[in-house]
2 protein chains.
Amino acid sequence: MDAVEAANSGHPGMPMGMADVATVLFSDYLKYDPADPKWADRDRFVLSAGHGSMLIYALLHLTGYARPTIEDISRFRKLHSPCAGHPENFELPGVECTTGPLGQGLAMAVGMAAAERHLNAVFDDSLVDHRTWVVAGDGCLMEGINHEAIGIAGHLKLGRLIVLWDDNNITIDGKVSLSSSEDIPARYAATGWHVVSCDGHDPASIAKAFDAAIADERPSLVRCTTIIGKGAPNKQGTSATHGAALGAAEVAAARETLGWTSEPFVVPDDIREAWLETGRRAAAPHAGWKQRLAGHADRAEFQRRMAGDLPAGFSLDSYIEGLLADPKKIATRVASQMALDAINAALPETIGGSADLTPSNNTLTKGLDDFTADNRTGRYIRYGIREFGMAAAMNGMALHGGVLPYGGTFLVFSDYARPAIRLSALQNARVVYVMTHDSIGLGEDGPTHQPVEHVMSLRMIPNLELWRPCDTVETAEAWAQSVARKDGPSLLALSRQNLPQLSSGGAARGGYRLQAAEAPRKVVLIATGSEVEIAVAVRAELEAKGIGADVVSMPCWSRFDAQPAEYRDDVLPPLKPEELLRVSIEAGTTFGWERYTMVDGMRFGIDRYGASAPINDVYDYFGLTADKISAQILAKLGA
Amino acid sequence: MDAVEAANSGHPGMPMGMADVATVLFSDYLKYDPADPKWADRDRFVLSAGHGSMLIYALLHLTGYARPTIEDISRFRKLHSPCAGHPENFELPGVECTTGPLGQGLAMAVGMAAAERHLNAVFDDSLVDHRTWVVAGDGCLMEGINHEAIGIAGHLKLGRLIVLWDDNNITIDGKVSLSSSEDIPARYAATGWHVVSCDGHDPASIAKAFDAAIADERPSLVRCTTIIGKGAPNKQGTSATHGAALGAAEVAAARETLGWTSEPFVVPDDIREAWLETGRRAAAPHAGWKQRLAGHADRAEFQRRMAGDLPAGFSLDSYIEGLLADPKKIATRVASQMALDAINAALPETIGGSADLTPSNNTLTKGLDDFTADNRTGRYIRYGIREFGMAAAMNGMALHGGVLPYGGTFLVFSDYARPAIRLSALQNARVVYVMTHDSIGLGEDGPTHQPVEHVMSLRMIPNLELWRPCDTVETAEAWAQSVARKDGPSLLALSRQNLPQLSSGGAARGGYRLQAAEAPRKVVLIATGSEVEIAVAVRAELEAKGIGADVVSMPCWSRFDAQPAEYRDDVLPPLKPEELLRVSIEAGTTFGWERYTMVDGMRFGIDRYGASAPINDVYDYFGLTADKISAQILAKLGA
């Protein structure tokens, strides 16, 4: 209340309304160690209703975490305070994931709970034996992703997942009944969940509900009936407490109602000590756990996996050498599966999956069993037709640690998962998206299924590395880079159609000269993925007319842009268009390609929706054939 | 089966499995007129499981629609055939909306059913009295948007909506039980739906279920137990029939099983005549309806609205003149509300709403009541925390006709709605998205809520017009253009913060010179939205140093790009950088601005995630202040 007041911005309603529930949780149930926020076997606590961020900042501070300090809290929502408007895992240890975009915290918790059960099965109870607790509001439950997330959790019987629903009956517009008539407990029960209720302001009632949730084998929804903004005598129970400071008068009235006599940001010593004792009590199991770890046969492997390190000596180099020795003309989605065969054999931490497109995404490799309620060692998740839920679950797995998730869908449905893809990137989560059918090249399914703007629009998500490899070799390189990357997600855009093997390697730099001009160089052809083959054919036509042309393969823009200037200037010489014409070829929007072609260059692509027809007809219809492109380049050159 | 075989691509399983259900529907329940596919009071039929497109092509052909012809069907999935891989409303009358992206057909049907009840209340039973029927598969039900869509429909008691669930127990990966344990009927019941079951291969059972659905006041889910690919003796009941041609041997076996002796694409005369009679019977009510319309007092208004024409003489010009006479410094989200005040008073067809951000989006205007189960004349929908469901429902309303939907959320959550925004554009649906809090300018809520890549990534969706107005005047112009646009969606990106009134008009051309250089022109500053104010301040600093600078406001790129070259060359003179430096200022990604600045120009923006802090601190932190920008421009000019 005081922090929101000082910021004159924020959400006091949820922290005040859920303070009683959170107190019971952090006092008597949650397992954590303020002195070691990253203790591997801690319970995960996810504040899915992230706008109530002051709740977790207060709890971390009171229970003895090094940060936030009281100074941090007094600077809530100020520049460089770790107490941001919404909780950010990259700002504050103890914040398990970044929340605020509604519904996603709970959905990430599903992934955390899955990772816990998997690691428990791979190692054992002595090392991995914790729960995932979530605080969620009506927004989290109303969002579509909630359906996907609880569907996955219910099906997989993730009984270690407990969701505390802040049932305060209020949304921003007013009462929940303005927009919803749903029987939420019945819906959860229909989806395989255990549901229990409590009075969210009665510690005994709360504890009884928690006990019931822990005892049940299904994931649990604990309905906590609460009063939003409880303690603010004139505003509690209304949306007025949700997203704005209470105001000096109401804060004063709340102080009186609550009997709180301390100044803002002052915690009386006895209360502070009681909270610190709470933190120490929660950490009590840590010592025994450390002993068990020290004597555990799999200690090194467990620590490696939790650190996110790859096994010593892991490399795809010999696999790539094999490709170079025996070139293959296959779809990059199949090339991806081949690379995954090597990766999954070498990296026991991978957990794959697909949103019900396994045979199309080629995400399943030999020897991988399904992760199910009955088989926790399985490493393949049947996510169902739940792209967004899959992506969010993968974020949760990556943030839990110990596993390396990848999952597939069609690239056009990256739109469905986009809010979670953004959160992968914002949270520095190592997730690999396997997105196949990456252009009009998928053919007959038509414009609803043909990505046009997707590759480019994904390139502009900060900290997401997008790869669009042209063949088996570049696909393997992209995979190698993606699994090695510890601080963020990668997305592979892969073809449905077969592509010749053209590359001898070089993708790791993002862009490189695949073929050099033989005749005097007049043109640089820049292409990605399936259009590199076309660029090579265009080059041949130009060279046949005495016009020298380089072919540059550019599978990852962000990697290329990060290269030294000398390298970039060698690949794309900074010459005037009349000296060197730059031409891009990509079966997607031309929007943005000016960066490499210059405005005076040429851009071949598709700035409209696709069409339903066999692949060759579609490419021809949109002018993406070597003959049509060559003719236009020749016309431009006056040749 | 034969069409998929000829295409060697497509989905025979659903059309064969749901043929019995569809036959009962089109024979004895659905109201339609093959001779007039756009008859206003027809029932709407939505094939939400759009991959089963051959089902609707067959039905339209057999019942007597002009298209598809048998020739069209024989060219299923070929270039220029209206029988595309997935049903496309812009290709074929009788296809109400474009489906294939799973879950969205059903969600659009919710909007259609809402529009029907609203128009029924505004006009009467004699003109508007129809149902919306949906065929949905397990994919449509598993997607997150299903939860949002049925939540809206259940809450609004849209009893005219009937969903036929093709319960065939098969998805692409295999049996539904691989990925779901959900009790779907119980979930629907929990969400306010009526549920009834039938044997999807028994006409009497189907009819009985339809009768029960019609009789109930709630929206209905009809669980149709079916066998996927029914009639293909060796493959039916398996995922092998889902998404691939059956193959010559299995087609021959199916012919034998079904007793079908005709060649492919040959329909025996007696069967053809029976189907044509079915079509005529379905159209029987049309004659009486025409008579009622002819004598109806509101005929002209009804026809105007169904045609999508605005009222004669509608204009915002006088409103804009008022703004010019009395300039205001307000947020563009508030300017939007002012424009909406004028629009909603003049256009009775608007139906507004927000995904639970009414006080933030400023989407509610005086005199608008909520559209509820009890008040069908209301013109404001409380969508709840359901951005995607809102967007899809708006698509359905727009495609139904007679209403003009707009709806709001935060711009960063355009990601949640993005799959439906794309479908608005693909389907040429007049939907207006009101997206506020459009940059880091929202301040304290921080990076989870601060759009960075969103404006640019929306610009590249074909046929979406994105507006980022700089003040009250441009906001009004953007609204005027958006409601006047009949063939596609518009999206308004609006500020949270106050902005000075700078414009005297000109936004309709997409970009225009807001201020001309006074000193000899060396610089063109190009900005949008809240950064136009900064560009004006930068210009003042440059002019003070004797460096002439134009300010170009560029609220709508696609409009600007569509102007004649002479106009564009006047606004952005095609001079070399050393003669005229082009500079962009936009509080979002700089990705793509090379189009206007040239690679050698300067781009000020944000290519990373935002930060939680008060607005002025955030702008300063990211270098977006007039002083910091001016200094860099001066340095570049060597001035």
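Student: Which side chains meet in a salt bridge between B:Glu453 and its partner in chain A, and at what N to O distance?

Tutor: A salt bridge is taken here as a side-chain nitrogen of Lys or Arg within 4 Å of a carboxyl oxygen of Asp or Glu. In this case the side chain of B:Glu453 meets that of A:Arg422, with N to O at 2.8 Å. Please keep in mind that this is a predicted model, in which local features need pLDDT of at least 70 and side-chain atom pairs count only at pLDDT 80 or more, while totals for chains, interfaces and linings use all residues. Residues are numbered from 1 along each chain as its sequence is written, chains are lettered from A and ligands numbered from 1 in the order in which they are written, and side-chain values use heavy atoms, with hydrogens and water left out.

Student: How many salt bridges and how many residue pairs in polar contact does the count between chain B and chain A give?

Tutor: A polar contact is a pair of N or O atoms within 3.5 Å; within protein, one must be able to donate a hydrogen and the other to accept it, and residues adjacent in sequence count only if both atoms are side-chain atoms. Between chain B and chain A there are 10 salt bridges, and 53 residue pairs are in polar contact, both residues being at pLDDT 80 or more. Helix H19 of chain B, residues 414-426, gives the largest share of the side of chain B that touches chain A, with 7 residues; helices (H or I, at least four residues) and strands (E, at least two) are DSSP runs, numbered from the N terminus.

Student: How much area do chain B and chain A bury between them?

Tutor: Buried area is the accessible area (1.4 Å probe) that two parts lose on being put together, summed over both. For chain B and chain A the value is about 8,300 Å², and 60% of it is on carbon and sulfur atoms. On the chain B side, B:Arg422, B:Phe591 and B:Tyr609 lose the most area to chain A, together 10% of what that side buries. If contact means heavy atoms within 4.5 Å, then 95 residues from chain B and 95 residues from chain A take part.

Student: Into which domains is chain A divided, and how far apart do the C-alpha centres of domain 1 and domain 2 lie?

Tutor: Domain bounds come from an automatic or database domain assignment. In chain A they give domain 1 (1-287), domain 2 (316-500) and domain 3 (508-637), and the C-alpha centres of domain 1 of chain A and domain 2 of chain A are 33 Å apart. Their contact takes 28 residues from domain 1 of chain A and 31 residues from domain 2 of chain A.

Student: What is found across the interface of domain 1 of chain A and domain 2 of chain A?

Tutor: About 2,500 Å² is buried between domain 1 of chain A and domain 2 of chain A, with carbon and sulfur atoms giving 68%. On the side of domain 1 of chain A that touches domain 2 of chain A, H6(A) gives the most, with 12 residues.

Student: Where in the chain do B:Glu349 and B:Arg304 lie, and are they buried or exposed?

Tutor: Buried means under 20% relative accessible area, exposed over 50%, and partly exposed in between (1.4 Å probe, protein chains only). B:Glu349 forms a salt bridge with B:Arg304, the closest N and O atoms being 2.8 Å apart. The pair links distant parts of the chain, 45 residues apart, with B:Glu349 in the loop between helix H16 (332-346) and strand E9 (350-354) of chain B and B:Arg304 in helix H14 (residues 299-307) of chain B. B:Glu349 is buried at 4% relative accessibility, and B:Arg304 is buried at 13%.

Student: Where do A:Arg280 and A:Glu277 lie?

Tutor: An α-helix has 3.6 residues a turn, so residues three or four places apart point the same way. Both A:Arg280 and A:Glu277 are in helix H12 (residues 269-282) of chain A, 3 residues apart, about one turn of the helix, and their side chains meet in a salt bridge with N to O at 3.2 Å. A:Arg280 is partly exposed at 46% relative accessibility, as is A:Glu277 at 35%.
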